[in-house]
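This briefing goes through one protein chain, topic by topic. Please keep the sequence and the structure in view while reading.

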Amino acid sequence: MRLPHNIVCIDIETTDPDKKLGDIIQIGAVIVNPEFKIIDTFSVYIKPLTAHRNPRAMSVNGISEETLSTAYSLEQALILFENFCKDTRLL
């Protein structure tokens, strides 16, 4: 199988699987070419907007409070992600 163009696959980690409770704390992405070869990757940690943490979700994602304390704001992270997509000609 061959893709018609490059695609981006996105992974988001949150503080809770419930979208009404959880905050986004990491955005990861990988760009693959039509032959499914990785051509670029992206990862950024994001400071949560609330103090809510679902212990199970935090256990699954393995992201520490120490990492979150020095993470980017959501706005900063989204700008970085947008620039990543522009740099790879996805937008």
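Among contacts in the chain between residues at least 6 apart in sequence, how many join residues at least 24 apart? The share is 51%, where contact means heavy atoms within 4.5 Å. The model is predicted, so local features need pLDDT of at least 70, side-chain atom pairs count only at pLDDT 80 or more, and totals for chains, interfaces and linings use all residues. Residues are numbered from 1 along each chain as its sequence is written, and side-chain values use heavy atoms, with hydrogens and water left out.

**Overall layout**

- The chain holds three helices and three strands; helices (H or I, at least four residues) and strands (E, at least two) are DSSP runs numbered from the N terminus.
- Read from the N terminus on, the order of elements is β-β-β-α-α-α.
- The C-alpha trace spans about 40 × 25 × 25 Å along its principal axes.
- Of the 91 residues, 31% count as buried; buried means under 20% relative accessible area, exposed over 50%, and partly exposed in between (1.4 Å probe, protein chains only).

**Nonpolar core**

- The largest nonpolar core has 10 residues: I27, A29, I31, F42, V44, I46, A77, F81, F84 and C85.
- At least two residues of this core come from each of β2 (24-32), β3 (38-45) and α3 (74-87).
- The element that gives the most to this core is α3, with four residues.
- A nonpolar core is a set of buried Ala, Val, Leu, Ile, Met, Phe, Trp, Tyr and Cys residues joined through side-chain atoms within 4.5 Å.

**Cysteines**

- The chain has zero disulfides, a disulfide being a pair of cysteine sulfur atoms within 2.5 Å.
- C9 is in no disulfide, and the nearest cysteine sulfur, that of C85, is 12 Å away.
- C85 is buried at 6% relative accessibility, whereas C9 is partly exposed at 38%.

**Surface patch**

- A nonpolar patch on the surface is formed by I10, I12 and I24, which together have about 240 Å² of accessible area.
- I12 belongs to strand β1 (residues 7-14) and counts as partly exposed because its relative accessible area is 43%.

**Two loop residues**

- Y72 sits in the loop between α2 (65-69) and α3 and is partly exposed, at 42% relative accessible area.
- Apart from its neighbours within four places in sequence, Y72 is in contact with V44, Y45, I46, K47, A77 and L80.
- From Y72 to E35 there are 37 residues in sequence and 33 Å in space, C-alpha to C-alpha.
- F36 is in the loop between β2 and β3 and is partly exposed, with a relative accessible area of 42%.
- The phi of F36 is near 65°, a positive value in a residue other than glycine.

Key. Patch = residues over 30% accessible without salt bridge, like charges linked within 9 Å, V, L, I, M, F, W, Y side chains within 5 Å. Areas by Shrake-Rupley, 256 points an atom, 1.4 Å probe, with all protein chains shown as cover. Salt bridge = Lys/Arg side-chain N within 4 Å of Asp/Glu carboxyl O.
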